[in-house]
Amino acid sequence: MPYTNNNIETSGSAFGTNRTNAAMGEGLGALGQKYESLRSYGWVIEITPPATGTVGDMGRPHGETTNTLKLACKQIGAIGYTTEDIAVDRVNDKFYYPGKYSTDETTLTFDNFVAGDSATALFAWMNGTFDPVTGRMGQGVDLKQNIKIHQLGPDNTEVMTIHLWGAYPRFWRLSELNYSQSEFHTIEVGVRYDFVTHEVYQAV
């Protein structure tokens, strides 16, 4: 049987009934009222550089650095995780089972503030991973941190939070410099994390 607005049930009422009621002025109906989604631009990120190591030695109050990165971040790439396949050959058939867990890498894009705050903080953060001058490699205790991404509802309250645990910068990249463009300059930072969790506070 093909699905239509009349035979897909939702909370005891068919979509067709809800649409009829809405047309008669008796409410918005399920399609317009019950299935609102979060906005892709409704979010706030929390990046707190580790208090030890090169990132913390920037000559700035720690809270001020955190606030600068929160305001500068303008785009967050896709976030997720996957499991590797275990392929098993039995007779003439192939079967698959879930194997090791691995996370994706995401890219954070920041505005390059004229004051230099965001550029200084991001370079120092990446410098904690690897210092090209001294050749020093960062240690986890000085480098890895937890990043929180708060998704906001229509009233700008927190609805969900995505936690990136054990996150550290994997690459630092300045965007293209081009005389023909008319837009703000940005800095990209690739972030690798150990695992991700998703926390829901309330229904929208």
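Let me start with Tyr101, which has its place in strand S6 (residues 93-103), where a strand is a DSSP run of E with at least two residues, numbered from the N terminus. What we are looking at is a predicted model, in which local features need pLDDT of at least 70 and side-chain atom pairs count only at pLDDT 80 or more, while totals for chains, interfaces and linings use all residues. Residues are numbered from 1 along each chain as its sequence is written, and side-chain values use heavy atoms, with hydrogens and water left out.

Tyr101 counts as partly exposed because its relative accessibility is 39%; buried means under 20% relative accessible area, exposed over 50%, and partly exposed in between, with a 1.4 Å probe and protein chains only. Together with Tyr81 and Phe195, Tyr101 forms a nonpolar patch on the surface, with about 330 Å² of accessible area.

Now to strand S10 (residues 186-192), which is largely enclosed by the rest of the structure, because five of its seven residues are buried. Which strands pair with S10? Strand S7 (residues 105-111) runs antiparallel to S10 and is joined to S10 by seven bridges, with Asp111 opposite Thr186. Strand S9 (residues 158-174) also pairs with S10 in the antiparallel sense, over six bridges, and there Phe171 has Gly190 as its bridge partner. Two strands pair if DSSP finds at least two bridges between them.

Finally, a word on confidence: the chain has a mean pLDDT (the predictor's confidence in each residue, from 0 to 100) of 80, and 73% of its residues reach 70 or more.

Note on methods. Patches are made of residues with over 30% relative accessible area and no salt bridge: like charges are joined within 9 Å, nonpolar side chains (Val, Leu, Ile, Met, Phe, Trp, Tyr) within 5 Å. Accessible areas come from the Shrake-Rupley method with a 1.4 Å probe; for residues, only the protein chains shown count as cover. A salt bridge is a side-chain nitrogen of Lys or Arg within 4 Å of a carboxyl oxygen of Asp or Glu. Helices (H or I, at least four residues) and strands (E, at least two) are DSSP runs, numbered from the N terminus.
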